[in-house]
Amino acid sequence: MAALKAQIPYPSPKDPPNCVASPAPKSFSSVTALPSEPGGVVARALVAMARFRGLLGACIRSLPVDVGGGRLVGALDAVLDSNARVAPFRILLQVPGSQVYSPIACGELLNGPDVYWAIATGATLEEINQHWDWLEQNLLHTLSVFDNKDDIASFVKGKVKALIAEETSSRLAEQEEEPEKFREALVKFEARFSFPEAEKLVTYYSCCCWKGRVPRQGWLYLSINHLCFYSFFLGKELKLVIPWVDIQKLERTSNVFLTETIRITTQSKERDFSTFLNLDEVFKIMEQLADVTLRRLLDNEVFDLDPDLQEPSQITKRDLEARAQNEFFRAFFRLPRKEKLHAVLDCSLWTPFSRCHTAGRLFTSDSYICFASREDGCCNVILPLREVVSIEKMEDTSLLPNPIIVSIRSKMAFQFIELKDRDGLVESLLMRLKQVHANQPVHYDSSPKDDMVSPVFPSTSMCSDHKFGDLDMVSSQNSEESGKEKRRQLPPEALMVAFQQAGGQSPDSRMSREQIKISLWNDHFVEYGKTVCMFRTEKIRKLVAMGIPESLRGRLWLLFSGAVTDLALHPGYYGNLVEESLGKCCLVTEEIERDLHRSLPEHPAFQSETGIAALRRVLTAYAHRNPKIGYCQSMNILTSVLLLYAKEEEAFWLLVAVCERMLPDYFNHRVIGAQVDQSVFEELIKEHLPELAEHMNDLSALASISLSWFLTLFLSIMPLESAVNVVDCFFYDGIKAIFQLGLAVLEANAEELCSSKDDGQALMILSRFLDHIKNEESPGPPMGSHHAFFSDDQEPYPVTDIADLIRDSYEKFGDQSVEQIEHLRCKHRIRVLQGHEDTTKQNVLRVVIPEVSILPEDLEELYDLFKREHMMSCYWEQPRPMAPRHDPSRPYAEQYRIDALQFAHLFQLVSPWTCGAHTEILAERTFRLLDDNMDQLVEFRAFVSCLDVMYNGEMNEKIKLLYRLHIPPALTENDRDSQSPLKNPLLSTSRPLVLGKSNGDAVDYQKQLKQMIKDLAKEKDKTEKELPKMSQREFIQFCKTLYSMFHEDPEENDLYQAIATVTTLLLQIGEVGQRSSSSGSCSQECTEELQASAPSPEQDSVFADTGKTPQDPPAFPVAEGDWTVSLEHILASLLTEQSLVNFFEKPLEIKSKLENAKSNQYSLKTFEMSRQSQPEFKLSNL
């Protein structure tokens, strides 16, 4: 009878808990007070029992934690959080004698041999009483129908699991707009597609799926890993399951019947879906799900989702919408990836330069308050919270409804009005402001040297008469860091100051132009602000397009990129990186050293050790900071230019901003970001320059030319004095500036490009044009591109002024918004990632095809099955230590690898050697055999090579593979196998074995096989390492496998008889060898038959003395006198039976297996997972 136990709070781990046990009474007992431990707290526990013959053991324990519970179902939520703390009171189901337990609620306890399953939790005695009452009313009265404790345990466990599943579904449904309908759709989705529980439904829609010209009305279900469609019309059922990871193209199209449809393209098919109530919403969610899934599964090199989305089972429709808005927010204001958006509110901002309120939206995040006007480019503001002094509510009036004032350190204030829920907004902002100031204290010079002093804008002036104020905010708290800086002796100024060059123009003309620009900027600073909190308007964009004055360029790059905030938040960080990274030698540092002298070699700053050393430090420090990127070619050119206009530490933070925010995913192993933008650029060419796109049938040629434009921001293919103006626009407008300038370059050369005959001529046209772009207003001397193709033109080439080109790019192609660019990136990222997958596939097949006899089309399908097996484990299974994610940085053949469980599943689907229940064991042995490096993973190449032997190998190759599967390392001492089906009569060697000849005479089998074995030995490859001999235990397992393989074969009876004969023969051979080894000598007849001495080429080496020590001993030597047989013995014996020869030489068709595998791979996987998730105990009747 199960006992009821009440336990006081747990003492320390070294002291065993005090328990009070009592027999279960036949009625409900009262609350019992237990004595407390010395120095402990008195614990009161509810001692209760099951009313029906004590069949339910329950235990309520008091634990020393202060965690609140909830209602019964609410308490079960804790099961979803493995890190949840244990509640003070718990109801536990006791299963005495059980050695295995499975957690079904918030926790589990072991007490000796007993297992306790936590059923409910509570923070107070009253709460746990309520849970017990619920159990009495809903559970206990049903237990009398069961006869044993195992059935009770299974029933209770299943009931609680059902409650948890229902609660999970309910919580998911509550997040949707129509919970009841969503819950109903969820039930139908689970019933129709039988996915594991881990496959969460995100949303669903009613729509039509087109098959040719015939539409099928049904339901489209979008889950975290799949797009599914179900239709039942006129008695015909249609089910489609398309993994997001298989989608190669997702686009909106139109056909003859409907104006707009959503077309989904996979490797083999196109599917059209239409008649959505809100097609825009459906398409957006499809794109987001496809993007999230592909990046999660195929691009883990750089994928960094929000914490809420890193667990795919938590993705909901609302989460996707929030993620899209968050990504737009970060891209629009170019903020760090970790910045999380909290609220978006409509409001109006007072703009003093226009003397009115400007309508727009307010964005609040972890560390920023941002504003964007409704009219694109009219006014944007970025306010880091560390710059904010106060946030206050003003009096609400009819003219100023719901106003708040945000004051910043540079003595500016921003007035926002028409804010909904003003009180809640101000409260949350003040909370975050307090947290930011606590985590990031700001020290700034408050001396009244400048009315617009800001600690966020450190003094980086390269020209002393144009200073922005004494903005030293780090020295006061980092005297130790500054000491290190002195030891390092970093250059105190930008390289352009140290290496000033005289221009080609007169000094007066050069300075006058610079002074005019500086004057314009100073006027702008007075009216709009000059810190990171400035009003950013169309006027500043025009000033940037004219070219930033050289004395202001570095600091404005810092401001526009946001690097100035990073610099302020990380005092001393760069110096520490330099200390840690310098002197370390690795592949990255070698690459950096090779490229140091190729970086702007025409500039005097990089003809000296000063510039080279600064470049080395910045690149090495960044590689140390971000090893995922490390160093990528083109980073040296960009960093060189940054060092010309900014101090070394500032150049480092500018590089961080470019690589990690402004050009995401550009500088990694596969330059995915750059390829995505190239694909976007192709679409923009088709949209804006259709004639050129029509002439250039393959725009990928243009993309290969323009790739360097994006990677180096035109620095490598334009004269430096012109390219820095492009960089000015890039730091202000982001990648949009590069897109529109690229279009302007193509438009300027469109006529010549349309008349070009090949890609080479097009390259020459564009290279010559870019090399002749000049900057007439540059104060420095002209400096040609160090990648110029033409320096000896036969005739003067027209010169294009960079200011004119930039102005044209804004006027003609400046209408692209950040939102449009981000949408295009999302669309083309799918294509680029799938393009990489196709490249990986083709490279793997190219290597494997010459090595095997399987047809290329069948190999392609095998690769798809292999990859899908890997993906299915990523979908639904918890990550295992030996099953790493897809790693695109590895060699092609090693990008997809499967572990033992995945291999066993795939082996069962495609292997011709199916052995019934024995198949799983054979798969395990095969996996161990193929796992050469013992890393518990197998590549596609090894898997296919093994299959090729099974399907297309000669008989001796197949027998050799089977032989190797039954000796170490494939067969281990702890090999999981069942009792051998071989019976004693078959293993007996008491009856002599004779073979009949045509004349009726009988001869001994050894004489008949001698010549056959000689021939086999002669053909044996002398260079091949001899396989170890097989012991009797291994031989029995070998025979067991053969018996299993023959099951359900049409010639089953003949095969069984043949293998019985061969088994007896081999056992006798082994015994002969055993006797000769143990006795050390044989009779004369034995000596003639089994030569003990080293055989000559004419002699038989197969029946040689098995006790002789070989020159190259096997890895697993057999003790002298043991029973053994060799591969040659087995092969020769099998050749004596024609039925066995026919079995191993009959042609095997792989196509039918592949078709069956494609159809059943999903269903078998889901069946296995559902079987694994079933309770250990089963209910026979309820």
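How many helices and strands are there in the chain? The chain has 40 helices and 30 strands, where helices (H or I, at least four residues) and strands (E, at least two) are DSSP runs, numbered from the N terminus.

## Ground rules

This is a predicted model, where local features need pLDDT of at least 70 and side-chain atom pairs count only at pLDDT 80 or more, while totals for chains, interfaces and linings use all residues. Residue numbers start from 1 along each chain as its sequence is written, and side-chain values use heavy atoms, with hydrogens and water left out.

## The whole chain

Of the 1182 residues in the chain, 52% count as buried; buried means under 20% relative accessible area, exposed over 50%, and partly exposed in between (1.4 Å probe, protein chains only). Now for contacts, meaning heavy atoms within 4.5 Å. Among those in the chain with a separation of 6 or more, 68% come from residues 24 or more positions apart.

## Helix 12, under cover

Helix 12 takes in residues 550-561, and twelve of its twelve residues are buried. Among them are Arg-553, Arg-555, Trp-557 and Phe-560. Just after the helix, Gly-562 takes a positive phi of about 85°.

Take Leu-558, which is found in helix 12. Leu-558 has a relative accessible area of 0%, so it is buried.

## Where helices 23 and 25 cross

The axes of helix 23 (residues 735-748) and helix 25 (residues 759-771) come within 10 Å and cross at roughly 110°. Axes here are lines fitted to C-alpha atoms, for helices over the stretch in contact, with angles from 0 to 180 degrees between N-to-C directions. That makes helix 23 roughly perpendicular to helix 25 (65 to 115 degrees).

Who touches whom? Val-745, Leu-746 and Ala-748 of helix 23 meet Leu-766, Phe-769 and Leu-770 of helix 25. By class, that contact has six nonpolar, no polar and no charged residues, with Ala, Val, Leu, Ile, Met, Phe, Trp, Tyr, Cys and Pro counted as nonpolar, Asp, Glu, Lys and Arg as charged, and the others, Gly among them, as polar.

## A look at Gln-820

Gln-820 lies in helix 27 (residues 818-848). With a relative accessible area of 39%, Gln-820 is partly exposed. Its C-alpha atom is separated by 9.9 Å from that of Phe-328, 492 residues apart along the chain.

Conventions:
The expected span of a helix is 1.5 Å times one less than its number of residues. Angles under 35 degrees count as roughly parallel, over 145 as roughly antiparallel, 65 to 115 as roughly perpendicular and the rest as oblique.
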